[in-house]
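This is a short report on one chain.

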Amino acid sequence: MIDLASSTWRRAAAAVVPRGYPPSVCLSRLASKGRVRRLQRGLYVPIDPVRETPVIAIASGIFADVPHYVTTDAALVHHGLLDQPVPLITVVMCLVRRPILIDATTRVRPVTLQQVRVTQADAFETSVEGFSIRVAGREQAVVDGLAEPRWMIHGDLLPEVLAAVPDEEVERWATIVLRRTTAAAQRLGYLLEDAGRRLPEALAALHPVRAVRLRPQRRARGPYSTRWRVHG
């Protein structure tokens with residue numbers, strides 16, 4: 001990624017761009033020659049003539065200069081727990097940024113958490129087809145989807161994700177979800193019960209008093225669980 005506002009670009013420009021040569025002019029000429037693609041003002045994607053940059057790498061690369069991680073749907077696809085197109089890639093950070101259109105079918109949606117949650121998240125640096133990304137571990141991606149269901153496009157597929165992991169991993173997820181929010185724990189309990197999975201000990205003692213919605217972005221409410229006080 002080339003971000004004309006980033007410190008990485010400023011260091012690179014000082015080394016390779018002649019003085020008096022405006023970076024915007026330099027990038028405009030490169031764009032006209034098909035060497036870079038403009039995403040928005042001051043933000044460009046280099047074009048590799050041999051391979052196409054994966055959209056998850058573009059989404060992560062846009063924010064490479066600040067603490068961040070890709071989460072929910074795109075992270076779960078990366079980990080092989082979902083197999084669906086992801087038109088909206090969610091990137092967590094502690095700064096407020098506007099959504100960015102990557103191409104005709106994919107948009108990056110930056111969302112915010114407290115800095116301590118971002119820096120302490122279960123996320124790591126890796127690569128996709130040779131391109132660097134910072135992505136949530138599958139545990140973090142699921143917890144984010146339960147705590148912030150609006151961050152997920154394919155939230156209806158969370159039961160399938162839960163069905164693909166062993167009981168001991170679900171036990172750990174339950175403990176972490178409880179630390180995040182009670183609402184997230186309610187949603188996890190509801191989904192596990194619906195899937196016929198064994199209930200983790202961490203959730204067995206939970207007796208919520210407030211009702212929540214499994215998918216708050218939906219207008220209609222589904223069936224109600226009196227045990228978990230969740231509208232499905």
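The count of aromatic pairs comes to 0, where rings of Phe, Tyr and Trp (its six-membered ring) pair if their centres lie within 6.5 Å. A charge over a ring does occur: Arg 227 lies over the face of Trp 228, 3.9 Å from the ring centre. For this, NZ of Lys or CZ of Arg must be within 6 Å of the ring centre and within 35 degrees of the ring normal.

The model is predicted: local features need pLDDT of at least 70 and side-chain atom pairs pLDDT 80 or more, while totals for chains, interfaces and linings use all residues. Residues are numbered from 1 along each chain as its sequence is written, and side-chain values use heavy atoms, with hydrogens and water left out.

The secondary structure comprises 10 helices and 12 strands, taken as DSSP runs (helices H or I, at least four residues; strands E, at least two) numbered from the N terminus. Helix H6 (residues 138–147) is largely enclosed by the rest of the structure, because 9 of its 10 residues are buried. Among them are Glu 139, Asp 144 and Leu 146. Buried means under 20% relative accessible area with a 1.4 Å probe, protein chains only.

Values for the chain are as follows.

| Property | Value |
|---|---|
| Buried share of the 232 residues | 46% |
| C-alpha box along the principal axes | roughly 70 × 30 × 30 Å |

Of the contacts (heavy atoms within 4.5 Å) with a separation of 6 or more, 57% join residues 24 or more positions apart.

Definitions and conventions
Buried means under 20% relative accessible area, exposed over 50%, partly exposed in between (1.4 Å probe, protein chains only). Rings of Phe, Tyr and Trp (its six-membered ring) pair if their centres lie within 6.5 Å; planes under 30 degrees apart count as stacked, over 60 as edge-to-face and the rest as tilted.
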